[in-house]
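Okay, thanks everyone for coming. Let me put the model up on the screen, and then I'll walk you through it.

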Amino acid sequence: MSASVLSVEATSRDGFVLLLGEAEAASRSEPPRLEAHLGENERTAIEAELGRPFDPLSLINRRIEVAIRCSLRQRFSRGATVQAKVIGLYAIGEIPIELEIQREEMLRLLQMDGVRFGPSTWKDPEEPYHVAIIASEVGDALRDVEHVLKPLEALRLIALHRIRASFEGPSAESSLIEAMAKAEALHAEHGLSATLIVRGGGPASSFSPLNAWATAAAARRLPNLVVGLGHAATPRTVLDEVAGRSVPTPTAAAMLIRDLMRRTAIRADQALTALTEAIRDDVAADASIRLSRAMMGFEEAARLCVTNAEQQLIKVGLTIERSLLTSIAAHAETAAREETVDGDKGDAERLADFDVAHDPVVEAGLAMVIEAETGFVMTKAADARLANRLILQFPDGVVGVWNHPTPITTH
């Protein structure tokens, strides 16, 4: 059976009487009790099985797995009673019952208080840097934490704030509360990413200050509380329940902080990669837009050039056309006047003039003089002298010339 040892008394004879109660009370009413006798022979057998000395008094306030043999005994005027004798002890609980009772009572009070605590209060810091460590004044807890985190501190990747406190003795509770107040002040000054409370192992009774109401109330005010107490077999305390993260040992608490920093570095690297890709995509998109705009501008400029050239050619053509029409009109008017003035000439003279005007040699030598810049057809030598560039249009082709007026003298 599983039972709680409420008390142990030595008898006048060789042996002890164990007062057993329910291991887990089913109600708040007075639970039943059972007295069981542990004789010297059974005690010797238990010591042989445990492989070490066994003191029955150490069973007080502990849970045990025990085998008992019961019998009924009729007492005078008291009716039947049950007698029990311990015949075997299979397991002894490591945690005193009083510590469990204290822890459960404190948790009940914390829940009634209505203040949120436990894992739900944890929030992963984006950039962990300032970390407070509340460690025992004795023992290796702080050394274990520093073994993990000091390399990061040497690289200035983390700032550790060490706070010493007493975890055992009559002043432990006040010492822990004072240390937590210092951690609160550090948080107000620097903004702590996490607060570690660590201590080494020890007897279960030495963890009583961590189950106190005042200690738990002060711990609830600490940001991202990480608790690493004792070792894997250490009983859970109220502080473990209050903390955002509870781990079995001080080393595990330090490794949790190290893993937080590693995850932060991974997130930062991923963000940097994403930023680089986004910048590259934006630059490529912007370059594509700018190139497209440049091509559109170039095409527009080319179109304008072609349009302007076409307009200039049309203008030149119109100018040439007007000049030709003017020249033709002038020639026609001159020919008409000559025909009127020379109307009395004989047919022979008119035939001679016609022959001269249509002389193949003369016709072959005729040329049209055009100003290159404006397309104006020149009919006077004075106008031709003023132009810089000329176009000479012959019946068989066009020749461009530069005009350099040179005086001509005759000898």
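**A walk through the model**

So, of the 411 residues in this chain, 31% are buried, where buried means under 20% relative accessible area, exposed means over 50%, and partly exposed is in between (1.4 Å probe, protein chains only). Before I go on, a caution: this is a predicted model, so local features need pLDDT of at least 70 and side-chain atom pairs count only at pLDDT 80 or more, while totals for chains, interfaces and linings use all residues. Residues are numbered from 1 along each chain as its sequence is written, and side-chain values use heavy atoms, with hydrogens and water left out.

Okay, the overall picture. The chain has ten helices and 14 strands; those are DSSP runs numbered from the N terminus, with helices being H or I of at least four residues and strands being E of at least two. The accessible surface comes to about 26,200 Å², and 57% of that belongs to carbon and sulfur atoms. Those areas are from the Shrake-Rupley method with a 1.4 Å probe, and for residues only the protein chains shown count as cover. As for contacts, meaning heavy atoms within 4.5 Å: take those between residues at least 6 apart in sequence, and 60% of them join residues at least 24 apart.

Now the inside. In soluble globular proteins, nonpolar side chains tend to be buried together. What I call a nonpolar core is a set of buried Ala, Val, Leu, Ile, Met, Phe, Trp, Tyr and Cys residues joined through side-chain atoms within 4.5 Å. Which residues touch the most other members of the largest core? They are I134, M180 and I197, out of 29 residues in that core. Several elements each supply at least two residues, including helix 2 (97-113), strand 6 (130-136), strand 7 (159-165) and helix 5 (213-219). The largest share, five residues, comes from helix 4, which is 172-190.

If you click on I197, leaving out residues up to four places away in sequence, you'll find it touching I134 and M180, and also F167, L222, L225, V226, V227, G228, L229 and L239. Apart from that core there's another, of 23 residues, with L142, L149, V198 and A254 among them.

On to the strands. Two strands pair if DSSP finds at least two bridges between them. Strand 1 (residues 2-10) pairs with strand 2 (residues 15-22) in the antiparallel sense, over seven bridges, and V5 stands opposite L20 in strand 2. Strand 2 also pairs antiparallel with strand 3 (residues 34-39), over six bridges, and there L20 stands opposite L34.

How many salt bridges does a search of the whole structure find? Eleven, counting a side-chain nitrogen of Lys or Arg within 4 Å of a carboxyl oxygen of Asp or Glu. In one of them, E40 pairs with R43, with the closest N and O atoms 3.9 Å apart. Both are in helix 1 (residues 40-50), three residues apart, about one turn of the helix. E40 is partly exposed at 35% relative accessible area, and R43 is partly exposed at 21%.

E42 bridges to K85, with the closest N and O atoms 3.5 Å apart. E42 counts as buried at 17% relative accessibility, while K85 is partly exposed at 31%.

Then there's R143 with D144, at 3.7 Å between the closest N and O atoms. R143 counts as exposed at 52% and D144 as partly exposed at 24%. Salt bridges with shared partners also join E40, R43 and E47 into one network.

Last stop, the outside. L275, I279 and V283 form a nonpolar surface patch, with about 270 Å² of accessible area together. Patch residues have over 30% relative accessible area and no salt bridge, with nonpolar side chains (Val, Leu, Ile, Met, Phe, Trp, Tyr) joined within 5 Å and like charges within 9 Å. V283 is in helix 7 (residues 250-341).
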